[in-house]
Amino acid sequence: MNAVLNAEMKTTTLGPSGIECSAIGLGTWAMGGWMWGGQDSAAATEAIAASLDAGVTLIDTAPAYGLGASENIVGAALKGRRHEAVVATKCGLVWHTQKGTHFFDEDGHPVYRHLGRESIFHEAEESLKRLQTDYIDLYITHWQDATTPVEETMDALLTLKKQGKIRAIGVSNVSAETLSEYLRYGPVDAAQERYSLIDREIEHTLTPLCSQHNVAMLGYSSLALGLLAGPIDPAREFTGDDQRATNPRFSTANRAKLKAFFEELEPVRNQIGCSFGQLMIAWTVASGNVSVALCGARVRQQAVENAAAGAIDIPREAVQRIDDAAARHLRALG
């Protein structure tokens, strides 16, 4: 069982748009600080540069990641290198209006799910300013808004596309039924959903529909908030507003299950010659269920390690061994 390290990053195409990007994408939620225990803009900027240097071209961000903080960091980091990146950002989580449905509060601001036409136009302009660019490669509806007809939302996105302000249209956190409705009004280039070795629901819901309509699938949280990056020290504590502090998946009992899982896969990891995190990311790409595996990083070292997974070809037997080990140890992870 031997893995092949490619000379270059694997690439893929974002649906009907024809936009080519790396099979590994950089997720920047944590760079915004919110729910991740703070931020370090300088370190984040270095991580973005390191990702580009390592062949990662898709940079995924959103206004809600720190109320604009993540987009600001991405915009600053891409100065002079904008042409190297495929920038994805989002709309639909707003704090400039109280239309739609209240979703959560961030830094004292109530945030609403709203995908009305005028609101989308407003958000697009604000994102363009923060990103310091005149176009967005992939514009994604972040969360769906039950108070606005999909037809209205899609009309706004198609208008932005005609204006040249966005190049491709995406949807996130969406049901198969809602995705089908989007497709009634125009092409959808990408869908973005949670996907990892322990989060595989889309295999039975969205993946078949995306395959049928040539919609690229971007899988976020490829390492399950870091749970799959490798064994976690039982003594490690997550502090502040870090969401992992109260996430039951990071319990002491689950850390023991993960330890057993990784111990079983040590021979596989050793033979391929990669870290556990790289093994999990490479599995995600090899699964065939996502076009892009989005991986979060806040520092240069994380970015470089994640990017290297895009140059790994995992043999089929290794994929099967990972699946079998997950079924034994992680089925009841919660």
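In strand S13 (residues 216-220), Leu 218 is the bridge partner of Gln 192. The model is a predicted one, in which local features need pLDDT of at least 70 and side-chain atom pairs count only at pLDDT 80 or more, while totals for chains, interfaces and linings use all residues. Residues are numbered from 1 along each chain as its sequence is written, and side-chain values use heavy atoms, with hydrogens and water left out.

S13 pairs with strand S12 (residues 190-194) in the parallel sense, over five bridges. Two strands count as paired if DSSP finds at least two bridges between them; strands (E, at least two residues) and helices (H or I, at least four) are DSSP runs numbered from the N terminus. Strand S11 (residues 166-172) also runs parallel to S12, and three bridges join the two. Gln 192 of S12 is the bridge partner of Ser 172. Gln 192 therefore has a bridge partner in Ser 172 as well as in Leu 218, given the DSSP bridges on which pairing is defined. Four of the five residues of S12 are buried, so that the strand is mostly covered, where buried means under 20% relative accessible area, exposed over 50%, and partly exposed in between (1.4 Å probe, protein chains only).

Antiparallel pairing is found in an open sheet of three strands, with the order S7-S9-S8. Its edge strands, S7 (93-94) and S8 (101-106), each pair on one side only. S8 and strand S9 (residues 109-113) run antiparallel and are joined by five bridges. Within this pairing, Phe 104 stands opposite Val 111 in S9.

Helix H3 (residues 117-131) has 15 residues, which at 1.5 Å a residue should span 21 Å; its end C-alpha atoms are 21 Å apart, in agreement. The expected span is 1.5 Å times one less than the number of residues. Among the buried residues of H3 are Ile 120, Phe 121, Leu 128 and Leu 131, and also Glu 123 and Arg 130. Their cover includes helix H2 (69-77), strand S6 (86-91), S7, strand S10 (136-141) and helix H4 (150-162).

The protein has 10 helices and 15 strands. Its radius of gyration, taken over C-alpha atoms, is 19 Å, close to the 20 Å that the globule rule (2.2 Å times the number of residues to the power 0.38) gives for 334 residues, so the protein is as compact as a globular protein of that length. Along the principal axes, the C-alpha atoms fill a box of roughly 55 × 40 × 40 Å. Buried residues make up 55% of the 334 residues. Of the contacts (heavy atoms within 4.5 Å) between residues at least 6 apart in sequence, 75% join residues at least 24 apart.

Ala 256 lies in helix H7 (residues 252-272) and counts as partly exposed, at 46% relative accessibility. Ala 256 and Asp 324 are separated by 68 residues in sequence and by 18 Å in space, C-alpha to C-alpha.
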